2 protein chains.
Amino acid sequence: MNEFPIFELGEEPGWKVLGSQSLYEGPYIQLRETQLQSPAKGEVTWTVAHRKNAVIIAPRLKDGRFVMIRQERFPVQLTLWEFPAGQIDSVETKSNPETIVDTAIRELQEESGYRLSDNPDDLHPLGYFFSSQGFTNEHAYLFLADNVTPASEGSHHDESESIVEVGFFTPDELKAMIANNVIRDGNSLSLYARLVSRDLI
Amino acid sequence: MNEFPIFELGEEPGWKVLGSQSLYEGPYIQLRETQLQSPAKGEVTWTVAHRKNAVIIAPRLKDGRFVMIRQERFPVQLTLWEFPAGQIDSVETKSNPETIVDTAIRELQEESGYRLSDNPDDLHPLGYFFSSQGFTNEHAYLFLADNVTPASEGSHHDESESIVEVGFFTPDELKAMIANNVIRDGNSLSLYARLVSRDLI
């Protein structure tokens, strides 16, 4: 089905950055206007929102239920059920595997109060995805974490976050929440797509 | 499983915009710093990227194969296989149903060269999702379009776009492309999650 090569992040030939000017520089987002050369289109000028990479984790208990958090999301003014997630504290285009896994471990505990099992095989990397590839370089690494257990220290939320509830859902409940638009964030939906496509759920 | 009410966009009580200042104003993105009151957290100040809403369509042929496009994505410097998608030409927080469906019909043909069947039951609305709910209000409405057929006029790409290929994939091929990180954009993955959760694939 694929007669064409599939390239990893930063590895597709024919792309070249010709120039770039800052439009806005803030702690959470940098906006740049960039002149690019692309393999097919040639020269283009594009406004790109630069953001830190992120990690999204689907934590699963021994009994098969998933751990989810309900979080206030200020840009959309809604409180949403989501898989735990967090930003990687580095602005590299491509994050290194150790930093990614460290972030997954930290964010899982901080947001949900659950921790990884001691068996490294319980952490399944499921690739990554771009949240909005037409306007930002933001991308997030996806994981399934099996056999998570309550952390003795509990959760420890970042001051800027507002997590109001932790919940536990069977695969059937999760499926119904997605079907009914209860779960409606790209992070959780993309991670679910990867879980299903790899027959992990 | 849900002892809590689920609110639609713009309908959750307890939210209030207290103030908002423009940080950057461009044709594709508006950045604002906004002071909000939230139900649980109280007063917060947040940087929000405002973007037009979008529509994502999974077009399916009579033989069960899905129509996808391969498109150059400038912010991530990759050429990606995706479901056809396009922005709604309106900046309303919540788009009205007719505008959404009109955009779906137009974008499907413009991007893929395929058109909707004459049977309105072939267009299945699958809710919406937020692309990156921590930093933008951008959200996209999801559809399955069954029994699409080639449009006599063919495709008609927007000048700013760079669609290099149209392809046809069976459900098994689609699943393998998602499992193997070939499909890695939030639009296509979120739409796939909805298709699976509603047993439409």
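A crossing of two helices is left-handed if the near helix is turned anticlockwise from the far one by less than a right angle, and right-handed if clockwise. With that in hand, welcome to this structure, a predicted model in which local features need pLDDT of at least 70, side-chain atom pairs count only at pLDDT 80 or more, and totals for chains, interfaces and linings use all residues. Residues are numbered from 1 along each chain as its sequence is written, chains are lettered from A and ligands numbered from 1 in the order in which they are written, and side-chain values use heavy atoms, with hydrogens and water left out.

**How the two chains meet**
- In the interface, 77 residues of chain B are in contact (heavy atoms within 4.5 Å) with 78 residues of chain A.
- About 7000 Å² is buried between chain B and chain A, 63% of it on carbon and sulfur atoms; this is the accessible area (1.4 Å probe) that the two parts lose on being put together, summed over both.

**Helix α3 against helix α3**
- Helix α3 of chain A (residues 186-197) packs with helix α3 of chain B (residues 186-197) at an angle of about 65 degrees, their axes being 8 Å apart.
- α3(A) is therefore roughly perpendicular to α3(B), a term for angles of 65 to 115 degrees.
- This crossing of α3(A) and α3(B) is left-handed.
- Among the residues making the contact are A:L189, A:Y192 and A:V196 of α3(A), together with B:L189, B:Y192 and B:V196 of α3(B).
- Sorted by class, the contact of α3(A) with α3(B) has eight nonpolar, four polar and two charged residues.

- Helix α2 of chain A (residues 171-179) and α3(B) cross at roughly 115 degrees, and their axes come within 8 Å.
- Here too there is a handedness to note: α2(A) passes α3(B) in a left-handed crossing.
- On the α2(A) side, A:K175, A:I178 and A:A179 meet B:A193, B:R194, B:V196 and B:S197 of α3(B).
- These residues divide into four nonpolar, one polar and two charged.
- α3(A) packs with helix α2 of chain B (residues 171-179) at about 115 degrees, with axes 8 Å apart, and the crossing of α3(A) and α2(B) is left-handed.

**Salt bridges**
- Over all chains, the structure holds 18 salt bridges, each a side-chain nitrogen of Lys or Arg within 4 Å of a carboxyl oxygen of Asp or Glu.
- Between chain B and chain A the count is two salt bridges.
- A:K175 forms a salt bridge with B:D199, the closest N and O atoms being 2.8 Å apart.
- Within chain A, the side chains of A:D146 and A:R60 meet in a salt bridge (2.7 Å, N to O).
- A:D146 lies in strand β10 (residues 139-146) and A:R60 in strand β4 (residues 54-60) of chain A, so the pair ties together parts that are 86 residues apart in sequence.

Terms used: Axes are lines fitted to C-alpha atoms, for helices over the stretch in contact, and angles run from 0 to 180 degrees between N-to-C directions. Helices (H or I, at least four residues) and strands (E, at least two) are DSSP runs, numbered from the N terminus. Angles under 35 degrees count as roughly parallel, over 145 as roughly antiparallel, 65 to 115 as roughly perpendicular and the rest as oblique. Ala, Val, Leu, Ile, Met, Phe, Trp, Tyr, Cys and Pro count as nonpolar, Asp, Glu, Lys and Arg as charged, and the others, Gly among them, as polar.
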